[in-house]
Amino acid sequence: MAQSSASAASATARADQSPLLAPWGGPHGGVPAFDKVKVADFKPALEAAMAENLAEINAIATNPAAPTFENTIAAMERSGQTLTRVSAIYDIWSSTLNDAAFSAVETEMAPKLAAFYDQISQNPALFKRIEAVYNSPATKKLTAEQQRLVEVDYKQFVRAGAKLDATAKARVSAINQKLAGLFTNFSQNVLADEADSVLVLKTEKDLGGLPASLRDAAKTTAGTRKIAAAGVITNTRSSIDPFLTYSDQRQLREKAWRMFTNRGDNGGAHDNNAIITQILQLRAERAKLLGYPTHAHLRLDNTMAKTPEAAMDLMLKVWTPAVAREHEEVADMLALAKKEGAPADFKIEPWDYRYYAEKVRKARYDLDQNEVKQYLQLDKMREGMFWVAGELFNFAFVPVTDVPVYHPDVKVWQVNDKTTGKQVGLWYFDPYARPGKNSGAWMNAYRNQERMDKPVTTIVSNNSNFVKGKDGEPVLISWTDATTLFHEFGHALHGLSSNVTYPTLSGTSVVRDYVEFPSQLLENWLATPEVLSKYALHYQTGKPIPQALVDRINKASSFNEGFATTEFLASALIDMKLHLAGAQKIDPDKFERETLAGLGMPHELVMRHRTPQFTHVFSSDGYSAGYYSYLWSVVLAADAFSAFTEAGGPYDKAVAARLRKNVFTVGNTVDPAAGYRAFRGRDPKIDALMKQRNFPMPAAQTGGKLGPGKPVDGPNKVQIRRK
């Protein structure tokens with residue numbers, strides 16, 4: 001945001017005391033001074049930045065001049081520059097460098113930050129001015145983007161409680177502060193269980209079945225952690241999933257599975273069940289105060305779906321065929337297991353699923369994921385993403401070394417327009433797992449693109465948790481990991497493509513069930529022949545992946561979709577049902593167990609994210625009652641990719657131009673349903689998804705449109721995480 005001259009002078013005056021408060025200097029329009037950050041500086045910097053922002057807001061609220069777009073809405077856009085910068089770095093430390101010292105700061109500051117934001121959203125004089133602009137006839141004469149910004153601001157304030165009486169406002173603020181502390185505790189408990197628990201592989205036998213790359217990674221981890229053992233498996237998905245896929249030691253598979261699925265659910269200091277109960281109670285109370293039946297209704301009021309019923313309708317349409325397919329997959333596994341000598345009463349347990357699924361894949365399609373992995377080098381896959389970005393978005397990525405980074409693993413690229421050479425942003429990449437870093441993969445923006453007073457380029461990052469192998473050797477990743485890499489890069493391209501005036505409407509600041517659409521869409525380009533032939537190169541020979549192997553990959557593309565869809569939907573349905581339960585006091589473990597039984601959850605798998613470790617939903621309000629959005633977005637993505645295949649193919653220039661114009665560049669300046677229609681020429685249909693996953697669809701549903709298609713308003717401003 002463009003900063004007022006007074007606040008700029010104030011921040012500059014304090015720069016010597018805290019580098020966190022200084023405007024970002026250096027090349028590329030300014031970059032974070034990561035090399036000067038000290039954890040001890042976060043608390044005073046946040047407090048100073050909050051005080052400065054409140055002074056700016058007070059000046060807007062008490063302005064004696066009649067409210068206008070410029071002196072109220074635009075003035076708000078220009079406020080909070082210092083806090084935005086400090087918060088960006090604070091969030092990076094929270095997700096990637098969260099040690100004991102930082103955790104203490106985070107625990108103290110979370111409620112204070114929540115109270116600060118409530119002071120703004122519940123400021124009656126400020127809202128009176130926003131409401132006056134919203135209702136003013138002059139607003140209809142503003143540009144379309146300005147009118148959109150007025151509407152977004154007004155509805156966000158109303159949704160935050162701006163129209164409540166003083167007593168209700170105070171209670172909402174108290175709830176928000178309590179929730180902020182609980183969110184922090186939840187996240188830290190999961191992080192602690194991930195950091196403290198490892199599976200020690202004591203002997204070479206314990207490494208049985210693991211391919212060389214996983215053996216090397218396990219041995220490297222043992223050395224890094226100073227554990228005398230044959231290998232160590234860390235408690236993160238990027239380590240556990242491959243172990244469950246390849247280890248031939250069933251008892252160790254069970255131990256690894258239980259370690260991972262019981263994060264936050266082990267009793268003791270890091271157990272999250274009581275925290276979840278409190279969070280649900282507080283969310284239900286807040287929703288009632290704000291005039292909504294449940295937290296789910298509150299959250300979905302500002303989405304494409306609009307109602308929990310619409311989201312549930314989509315999920316249940318897919319749930320039944322997904323479970324039916326899962327049963328078929330298990331039958332195939334049992335047949336294979338018994339053929340290999342398993343006893344007659346042998347059952348596929350959750351820790352067996354990936355192991356036997358891989359065996360079935362190999363037997364049915366002659367497809368060994370470990371064979372595929374030898375062609376998927378992390379660095380080459382990154383180069384492939386850059387090439388796709390060049391073809392679809394006209395971007396060129398140039399490595400830079402003139403900016404500080406917060407960890408030696410982080411690398412930075414300047415992103416330019418290939419035609420003009422003009423810089424559009426920076427892309428930071430933090431690929432490897434380490435203690436204190438959240439598990440999973442995500443994208444965030446350090447700085448949003450805007451052009452209010454001058455052009456400001458964006459800074460975005462992608463973050464993963466790949467496990468390093470031997471020094472000097474390429475990191476080999478699975479097809480699933482490569483898909484995730486493309487997914488998160490889709491978020492980054494959404495941010496890099498932004499071409500709007502106001503920072504509030506910039507980049508990925510769109511509603512929850514639309515923000516995952518660009519990222520889900522980009523996954524499709526991994527499997528294109530152009531990417532595979534140029535970048536899927538064998539790590540030893542350098543030869544491209546053979547066409548015969550690609551054919552087997554394509555033939556098996558819908559293999560195991562029963563498992564993948566069911567484990568995801570189980571989490572999404574539990575999320576929604578928890579938040580539709582209203583004020584009832586919930587025992588999370590019991591609710592999860594009984595609800596899944598009622599849905600007919602297969603015995604052989606668990607939710608992708610069990611409730612006590614469901615950070616999407618309980619580390620913030622971000623994806624709460626919104627985990628369904630991945631499915632909603634993948635329907636959009638499947639339908640959108642069909643626009644390419646129906647035209648000249650994945651790299652069709654005309655379709656790519658429409659996609660950029662109507663989806664990737666516009667941020668939240670247009671209603672997403674309208675933006676999608678402008679791109680596709682119609683509303684999205686579910687057909688392409690069902691076909692993509694090889695699920696049957698009743699004739700009555702064929703051609704069915706997705707959701708009610710009503711207008712939505714506000715943006716998404718939280719860290720964007722992988723499903």
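**Close-up views of a predicted model**

**View 1. Helix H10 leads the lining of the largest cavity.** H10 contributes the most residues to this lining, four in number. The model shown here is predicted. Three other helices, H11 (250-261), H15 (353-365) and H22 (561-580), also supply at least two residues each. H10 itself spans residues 237-246. In total, 20 residues line the cavity. Those nearest its centre are Trp-257, Thr-261, Arg-354, Glu-567 and Val-606. The lining is made up of 10 nonpolar, two polar and eight charged residues. The space inside comes to about 190 Å³. Across the whole structure, a search finds five cavities of 30 Å³ or more.

**View 2. Five charged residues join in a network of salt bridges.** The members are Arg-237, Asp-241, Arg-354, Glu-567 and Arg-608. Arg-354 and Glu-567 are also among the residues nearest the centre of the largest cavity. Side chains of opposite charge can pair when their charged atoms come close. The structure holds 46 salt bridges.

**View 3. Arg-364 and Asp-332 form a salt bridge between two helices.** The N to O distance is 2.6 Å. Arg-364 belongs to helix H15, and Asp-332 to helix H14 (residues 308-339). The two residues are 32 residues apart, so the pair links distant parts of the chain. Arg-364 is partly exposed, at 43% relative accessible area. Asp-332 is partly exposed too, at 29%.

**View 4. Glu-371 meets Arg-552 in a salt bridge.** Their closest N and O atoms are 3.3 Å apart. Glu-371 sits in helix H16 (residues 369-373), while Arg-552 sits in helix H21 (residues 547-555). The pair links parts of the chain 181 residues apart. Glu-371 has 29% relative accessibility and counts as partly exposed. Arg-552 has 17%, so this residue counts as buried; the cut-off for buried is under 20%.

**View 5. Arg-693 and Glu-561 form a buried salt bridge pair.** The side chains meet at 3.9 Å, N to O. Both residues are buried. Arg-693 lies in the loop between helix H28 (687-692) and strand S8 (720-721). Glu-561 lies in helix H22. They are 132 residues apart.

**View 6. Phe-346 and Tyr-356 make an edge-to-face aromatic pair.** The structure contains 46 aromatic pairs. In this one, the ring centres are 5.8 Å apart and the planes meet at 70°, so the pair is edge-to-face. Phe-346 is in the loop between H14 and H15, and Tyr-356 is in helix H15. The pair therefore ties together parts that are 10 residues apart in sequence. Both residues are buried.

**View 7. Trp-413 and Trp-427 form a tilted aromatic pair.** The distance is 5.3 Å centre to centre, with 50° between the planes. Trp-413 lies in strand S4 (residues 411-417), and Trp-427 lies in strand S5 (residues 423-432). The pair therefore ties together parts 14 residues apart in sequence. Trp-413 is buried, at 9% relative accessibility. Trp-427 is buried as well, at 0%.

**View 8. Eight aromatic residues form one cluster.** The members are Phe-34, Phe-42, Tyr-90, Trp-93, Phe-102, Tyr-406, Tyr-428 and Tyr-446.

**View 9. Two arginines sit over tyrosine rings.** The charged end of Arg-253 lies over the ring of Tyr-355, 4.0 Å from the ring centre. The charged end of Arg-512 lies over the ring of Tyr-623, 3.7 Å from the ring centre.

Notes. Residues are numbered from 1 along each chain as its sequence is written. This is a predicted model: local features need pLDDT of at least 70, side-chain atom pairs count only at pLDDT 80 or more; totals for chains, interfaces and linings use all residues. Side-chain values use heavy atoms; hydrogens and water are left out. On a 1 Å grid over the protein atoms alone, a cavity is a set of points where a 1.4 Å probe fits but cannot get out, and a pocket is an open set with protein on both sides within 12 Å along at least five of seven lines; lining residues have an atom within 4 Å of a point. Grid points are joined across faces, edges and corners, and a volume is the space filled by probe spheres set on the points. Ala, Val, Leu, Ile, Met, Phe, Trp, Tyr, Cys and Pro count as nonpolar, Asp, Glu, Lys and Arg as charged, and the others, Gly among them, as polar. A salt bridge is a side-chain nitrogen of Lys or Arg within 4 Å of a carboxyl oxygen of Asp or Glu. Buried means under 20% relative accessible area, exposed over 50%, partly exposed in between (1.4 Å probe, protein chains only). Rings of Phe, Tyr and Trp (its six-membered ring) pair if their centres lie within 6.5 Å; planes under 30 degrees apart count as stacked, over 60 as edge-to-face and the rest as tilted. A charge sits over a ring if NZ of Lys or CZ of Arg is within 6 Å of the ring centre and within 35 degrees of the ring normal.
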